[in-house]
2 protein chains.
Amino acid sequence: MRRRGGRPPQGQPVVERAFALLRSFDSGRRAQTLGELARRSGIPRSSALRLARTLVGVGALERLDDGRFVVGLRLLETASLAPRGHGLRAVAMPFMEDLFHVTRQHVLLAVREQAEALLVERLSALDAGPVRYRVGGRLPLASTGVGLVLLAFAPPAVQDRAVAAHRPGEGDDRLHAPSDLRRALAEVRRGDYAHGHQSHPGPMSTVAAPVRDGRAVVAALSVVAPSSGFPDAGYGPAVRATARAISRRLAEEAGRAGPPAEGRLP
Amino acid sequence: MRRRGGRPPQGQPVVERAFALLRSFDSGRRAQTLGELARRSGIPRSSALRLARTLVGVGALERLDDGRFVVGLRLLETASLAPRGHGLRAVAMPFMEDLFHVTRQHVLLAVREQAEALLVERLSALDAGPVRYRVGGRLPLASTGVGLVLLAFAPPAVQDRAVAAHRPGEGDDRLHAPSDLRRALAEVRRGDYAHGHQSHPGPMSTVAAPVRDGRAVVAALSVVAPSSGFPDAGYGPAVRATARAISRRLAEEAGRAGPPAEGRLP
């Protein structure tokens, strides 16, 4: 099924096949046998083995004692240089720490990646309520606080597609119809923050605010907490003030020559 | 110079060249022009452009408005699945938060990658003293607290090479000669923790302790703080207790079927 209707994977350039192999890992599948790798990536077993060995050679994969493959630590070393990921994170992290210190709830930082959000950082106390999202993982734009902020400041075409695709019952309790989502996005732009409430899996509330780099919205920051005792009036200003502090630091960074703050540490 | 005495880079398999291109980025060089990419990776300009376009296509690179290339956010998405990186981090993070909350100093989590340590996580307050190391970056084994712990529990061959390569004046103030390092490693194994003091760039102290997964030492945890007022007797037990708490959780995870904790969140 996977290969019907498209160019067969073995016809792809080898670099693309290598990344198809890397993308076959996900949070529920962090270790895979050669057979699983081949099946999930649609690459014939012999090619998959050759590619996997090359990827082990460059450190993008590692092999466990039991022969299964896992994503390699050296890939994290390169990936940590992504300006929109750890570069942003390096600037935001101390401010996020302070927000976490004050709230002791989930503190999230996300950026938009096409029609989804990608979670760059999450701080969570051991006893904080469960959340669905992991660092490096994706979140829906239309049903999370950070997603609503990112979507509200996305290009109109991205918003139009998200509104058209919106289905009742998805995400936030208040957003039943596409027009509700359209209205919510306008509210976010007007107030410069988003708030949201979900009933499933448990009643959770969130406040999110935009982070700017002096020119555009580049990320969104939020606090997520159980709805019982979620003091909107308390978390809201804290989240918004922290997002502004991060924005000010990012704008300072952008105004300077040279690498971002972390690269300049002694 | 770069190409003398070895196989010329254009003779490498294309996947290896793609990763050579990705490795040409570092913390001081997060954005590169095509010319810089070609020069730093040793790949001819026309091949470098073709490769860079392919890497943009799979999201491993992104192109800025000014035409320069940066590491792409989607690489972070895959890299975050590395069990030795974010997998470990997901389990350790809440405990690290608590340690950070108590100390308000730098809290570091590192793993060994061959003859160096790789920093998986660092929590730092806005007003904490400067540290040299960034998340995803490398640290020397013989001159950092986390490094000494990782080295003390590394295979004998790795220790022998590190001791043989040790030069006076490198790293910790007390470790002048190879024999000092050898003795320090024995002390770490005996006490199950490391402490260290450096004078440069400023007087900093550290206490580090091993993190185990039920079978072996898989990481090291430390607190790093200015030496003035570094209460060894206070931070030491806190670091060691936290490392044990992370170890216990890791052992529980290892004893269960299925993906690590974060993958199981609702």
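**Close-up views of a two-chain model**

**Overview of chain A.** Of the contacts in chain A with a separation of 6 or more, 49% are between residues 24 or more positions apart, a contact being heavy atoms within 4.5 Å. This is a predicted model, in which local features need pLDDT of at least 70 and side-chain atom pairs count only at pLDDT 80 or more, while totals for chains, interfaces and linings use all residues. Residues are numbered from 1 along each chain as its sequence is written, chains are lettered from A and ligands numbered from 1 in the order written, and side-chain values use heavy atoms, without hydrogens and water. The secondary structure of chain A consists of ten helices and nine strands (DSSP runs numbered from the N terminus: helices H or I of at least four residues, strands E of at least two). Chain A has 266 residues, of which 53% are buried (under 20% relative accessible area; exposed is over 50% and partly exposed in between, with a 1.4 Å probe and protein chains only).

**The two copies are related as by a two-fold rotation axis.** Chain B is superposed on chain A by a rotation of 180 degrees, with 0.0 Å of shift along the axis and an RMSD of 0.0 Å (least squares on C-alpha atoms of residues with pLDDT of at least 70 in both). The two chains are thus related as by a two-fold rotation axis. Among the residues of chain B, Val15(B) comes closest to this axis, its C-alpha lying at 2.7 Å. The copies meet through the same surface, because 100% of the interface residues of chain B are also interface residues in chain A.

**An aromatic pair joins the two chains.** Over all chains, the structure holds one aromatic pair (rings of Phe, Tyr and Trp, the last by its six-membered ring, with centres within 6.5 Å; stacked under 30 degrees between planes, edge-to-face over 60, tilted otherwise). The pair is formed by Phe19(A) and Phe19(B) and is stacked, with 5.8 Å from centre to centre and 5 degrees between the planes. Phe19(A) belongs to helix α1 (residues 14–23) of chain A and Phe19(B) to helix α1 (residues 14–23) of chain B, so the pair joins two chains. Both Phe19(A) and Phe19(B) are buried.

**Ser24(A) occupies the loop between α1 and β1 (31–32) of chain A**. With a relative accessibility of 3%, Ser24(A) counts as buried. Its side chain reaches the backbone oxygen of Leu21(A) at 2.7 Å. When neighbours within four places in sequence are left aside, Ser24(A) is in contact with Arg29(A), Gln32(A), Leu37(A), Arg40(A) and Ser41(A).

**Arg104(B) makes a polar contact with His101(A)**. The side chains of Arg104(B) and His101(A) are joined at 3.3 Å (a polar contact is a pair of N or O atoms within 3.5 Å; within protein, one must be able to donate a hydrogen and the other to accept it, and residues adjacent in sequence count only if both atoms are side-chain atoms). Arg104(B) is located in the loop between α5 (83–103) and β4 (106–113) of chain B. Arg104(B) is partly exposed, its relative accessible area being 26%. Leu123(B) is 19 residues away from Arg104(B) along the chain, and 8.9 Å separates their C-alpha atoms.

**In chain A, six strands form an open sheet**. The order of the strands is β6-β5-β4-β9-β8-β7, and the pairing is antiparallel (two strands pair if DSSP finds at least two bridges between them). At the edges stand β6 (138–140) and β7 (194–198) of chain A, each with a single partner strand, so one side of each has no neighbour in the sheet. Five bridges link β4 (residues 106–113) and β9 (residues 217–226) of chain A in the antiparallel sense. Ala110(A) has Ala220(A) as its bridge partner in β9(A).

**Strand β5 (residues 116–123) of chain B is mostly covered**. Seven of the eight residues of β5(B) are buried. Seven bridges pair β5(B) with β4(B) in the antiparallel sense. The bridge partner of Val111(B) in β5(B) is Leu118(B). The hairpin of β4(B) and β5(B) has two residues between its strands, and in this hairpin Gln114(B) takes a positive phi near 60 degrees. β5(B) also pairs with strand β6 (residues 138–140) of chain B, in the antiparallel sense over three bridges. Opposite Ala117(B) stands Leu139(B) in β6(B).

**Strands β8 and β9 of chain B pair over nine bridges**. Strand β8 (residues 204–212) and strand β9 (residues 217–226) of chain B run in the antiparallel sense. In β9(B), Val217(B) is the bridge partner of Arg212(B). The open sheet of chain B has six strands in the order β6-β5-β4-β9-β8-β7, with antiparallel pairing. Its edges are β6 and β7 (194–198) of chain B, each with a single partner strand, so one side of each is left without a neighbour in the sheet.
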